[in-house]
Amino acid sequence: MAGGKGLGSYDQAAVQVNFRGTSEPIAKPKDFKAVALLKNVKPDIVLIGQGSPPKGMGLDWQIDVGRAANELNIPIATINDFWNGHSRLDDVRLDLVGALDDYDVELIGSVVPTVISGNPGVVDVEVPAALHQEVENIRRQHEAVWVFAGGGPEETTAELELLLQSLALTKLLRPALVPRFHPKYAGAVNPQTNEPWRSLWERMLAPLGAQVVTLATPSITGEHVAGACDATFSGFSTMLTTAAYARQGAVSLWTNVSRASLKRQSGLDQVPI
């Protein structure tokens, strides 16, 4: 079962998809009947993701699958993509949680069996030579190259505002800034303006002029960018973890919105990196 950005990845890997959701990353399939689907597929185990945010924007269909598996007594597992990430799955009774590390196991506690599956942000990134060269060329003009990694719409807006305020007070350094908006939300419509969220964020960045840089190297991931740039700025994200692991700068943009989002998505009060 897949939807949104995941569909293309499954198709490229030639993986059979028994239920195809909408191509919109935050739209809940209207014809989705979790119990009926599981009865038809008859899986031995169900593995569900941890869509963020899980409720209110359509991604609660993963919770629907979990509840259906509980109802049908099918074992269910999830793999944390952030510390304590399984807490997003509401009242789903889990049989196994893949934990990031020992600290994540401690957070999960003894209620659910755990196995350490690793942190998706802790990866040895092999930065493409072309990207290295492009970043080096930018660095010659701007002294440093920073990347901003966005998350949800409200979080991105608040964190970008904080970063811009900080840059305005930075007199001795005029770094290049590479914006990396979350693909799930950049094209989503801002209900207040009826335009993509990306439009608002680009207007916020406009006063920086030539400091805002778009990387031209093809086929690069957020992890590549975090590994190549001098510092990554984000509230909390996989890219931030990747930057820290790569011994690059990792700066958490700590706003009230970010704090509330972290609490909602993990139950934590601080970013554990």
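Student: At roughly what angle do the axes of α6 and helix α7 cross, and within what distance do they come?

Tutor: In this predicted model, the axes of α6 and helix α7 (residues 197–205) cross at roughly 5° and come within 11 Å.

Student: Why are α6 and α7 called roughly parallel to each other?

Tutor: Angles under 35 degrees count as roughly parallel. The axes of α6 and α7 cross at roughly 5°, and the two helices are therefore roughly parallel to each other.

Student: Which residues make the contact?

Tutor: On the side of α6 they are Pro153, Glu154, Thr156, Thr157, Leu160, Glu161 and Leu164. On the side of α7 they are Trp197, Leu200, Trp201, Met204 and Leu205. The residues of this contact of α6 with α7 divide into eight nonpolar, two polar and two charged.

Student: Is Thr156 buried or exposed, and how do you know that?

Tutor: Buried means under 20% relative accessible area. Thr156, which is found in helix α6, has 0% relative accessibility and therefore counts as buried.

Student: What does Thr156 contact, leaving aside its neighbours within four places in sequence?

Tutor: Thr156 is in contact with Phe148, Gly150, Gly151, Phe181 and Trp201. In the case of Gly151, the backbone nitrogen lies 2.8 Å from a polar atom of the side chain of Thr156.

Student: How far is Pro183 from Gly151, by their C-alpha atoms?

Tutor: The C-alpha atoms of Pro183 and Gly151 are separated by 9.0 Å, and the two residues are 32 residues apart along the chain. Pro183 has its place in the loop between β6 (176–180) and β7 (189–190).

Student: What makes Pro183 buried or exposed?

Tutor: The term exposed requires a relative accessible area over 50%. Pro183 has a value of 52%, so Pro183 is exposed.

Student: How do α6 and α10 pack, in angle and in distance between their axes?

Tutor: Helix α6 (residues 153–168) and helix α10 (residues 256–266) pack at an angle of about 145°, and their axes are 9 Å apart. The crossing in which α6 passes α10 is left-handed.

Student: Which residues of α6 and α10 meet?

Tutor: Glu154, Glu155, Ala158 and Glu159 in α6 meet Val257, Ser258, Ser261, Arg264 and Gln265 in α10. This contact of α6 with α10 comprises two nonpolar, three polar and four charged residues.

Student: How do you know whether Ser258 is buried or exposed?

Tutor: Ser258 lies in helix α10. Its relative accessible area is 0%, whereas the cut-off for buried is under 20%. Ser258 is therefore buried.

Student: What joins the side chains of Ser258 and Glu159?

Tutor: Their side chains are joined by a polar contact of 2.6 Å. Apart from residues up to four places away in sequence, Ser258 touches Gly235, Phe236 and Leu253 as well as Glu159.

Student: What makes α2 oblique to α3?

Tutor: The axes of helix α2 (residues 34–41) and helix α3 (residues 61–71) cross at roughly 60° and come within 8 Å. The ranges for the other terms are under 35, over 145 and 65 to 115 degrees, and the rest count as oblique. The angle therefore makes α2 oblique to α3.

Student: Which handedness has the crossing of α2 and α3, left-handed or right-handed?

Tutor: The crossing of α2 and α3 is right-handed. Its contact is made by Ala34, Val35 and Leu38 of α2 with Asp64, Val65, Ala68, Ala69 and Glu71 of α3. The residues of this contact divide into six nonpolar, no polar and two charged.

Student: Why does Lys42 count as exposed?

Tutor: Lys42 is found in the loop between α2 and β1 (46–48). Exposed means over 50% relative accessible area; Lys42 has 64% relative accessibility and therefore counts as exposed. Phi of Lys42 is near 55°, a positive value in a residue other than glycine.

Student: How do you know that Asn73 is exposed?

Tutor: Asn73 lies in the loop between α3 and β2 (76–79). Its relative accessible area is 67%, so Asn73 is exposed by the cut-off of over 50%. Phi of Asn73 is near 60°, again a positive value in a residue other than glycine.

Student: Why is Met239 called buried?

Tutor: Met239 has its place in helix α9 (residues 238–245). Its relative accessible area is 11%, and buried means under 20%; Met239 is therefore buried. Not counting residues up to four places away in sequence, Met239 touches Val147, Ala149, Arg180, Gly222, Ala226 and Thr232.

Notes: Residues numbered from 1 in each chain as written. Predicted model: local features only at pLDDT ≥ 70, side-chain atom pairs only at ≥ 80, totals over all residues. Heavy atoms only, no water. Axes fitted to C-alpha atoms, helices over the stretch in contact; angles between N-to-C directions. Helix = DSSP H or I, 4+ residues; strand = E, 2+ residues; numbered from the N terminus. Left-handed = near helix turned anticlockwise from the far one by under 90°. Contact = heavy atoms within 4.5 Å. Nonpolar A, V, L, I, M, F, W, Y, C, P; charged D, E, K, R; others polar. Buried < 20%, exposed > 50% of the residue type's maximum accessible area, 1.4 Å probe, protein only. Polar contact = N/O pair within 3.5 Å; in protein donor to acceptor, adjacent residues only side chain to side chain.
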